[in-house]
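Dear colleague,

I am passing on the structure we spoke about, together with some notes on it. Please read them alongside the coordinates.

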Amino acid sequence: MVFHVVAVGRVRDTNLRAACDEYAQRTRRYAKLEIREVTEGPRARRSAQTARQREADALMRAIPDDARVVALTRQGTMPASRDFARRLGHWQERALDIAFVVGGANGLDRSVIERSEEQLSLSPMTLPHEVARLVLLEQIYRGHTILRGEPYHKDD
């Protein structure tokens, strides 16, 4: 069972990259986690749609064949952290590989969303894709601490 984060582009900001790396390392104490980055679509002289399509092709190749695909979109379900933790536990109990797919600056192409079995929203607000990746990694870590009853998560 592996959690895959399949994302467009690399995290350029050194502080965000350090935070992503920190949560990835913390998560690896509890579960296998793999991060796959694909090249961003062309920006200059190309439409957002062209960039999304090229990124979609790269994302589809990077998603493991046997993984359940969870696309990150604003239109997806927005579970509370405890509910998300229960999902993580459910997937682990069934030994399902999960591929969380994070789009680039132009979002995800419709083909990736249609390939997904679930859509997840981290916020009703639009987040930069680098920030979305950080929030996702932190929530995966948080979910594992909740499942283990560790004190990291504070209830409201």
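This is a predicted model: local features need pLDDT of at least 70, side-chain atom pairs count only at pLDDT 80 or more; totals for chains, interfaces and linings use all residues.

Residues are numbered from 1 along each chain as its sequence is written, and side-chain values use heavy atoms, with hydrogens and water left out.

The axes of helix α1 (residues 14-27) and helix α5 (residues 129-147) come within 9 Å and cross at roughly 25°, so α1 is roughly parallel to α5 (angles under 35 degrees count as such). Contact here means heavy atoms within 4.5 Å; on the α1 side it is made by residues including Leu-16, Cys-20 and Tyr-23, and on the α5 side by residues including Leu-134, Leu-137 and Tyr-141. By class, this contact of α1 with α5 has nine nonpolar, two polar and four charged residues.

His-153, in the segment after α5, counts as buried because its relative accessibility is 16% (buried means under 20% relative accessible area, exposed over 50%). Its side chain makes a polar contact (a donor and acceptor pair of N or O atoms within 3.5 Å) with the side chain of Arg-142, at 3.0 Å.

Thr-126, by contrast, is exposed, with a relative accessible area of 57%, and lies in the loop between β5 (118-120) and α5. The side chains of Thr-126 and Arg-74 are joined by a polar contact of 2.7 Å.

Note on methods
Axes are lines fitted to C-alpha atoms, for helices over the stretch in contact, and angles run from 0 to 180 degrees between N-to-C directions. Helices (H or I, at least four residues) and strands (E, at least two) are DSSP runs, numbered from the N terminus. Angles under 35 degrees count as roughly parallel, over 145 as roughly antiparallel, 65 to 115 as roughly perpendicular and the rest as oblique. Ala, Val, Leu, Ile, Met, Phe, Trp, Tyr, Cys and Pro count as nonpolar, Asp, Glu, Lys and Arg as charged, and the others, Gly among them, as polar. Buried means under 20% relative accessible area, exposed over 50%, partly exposed in between (1.4 Å probe, protein chains only).
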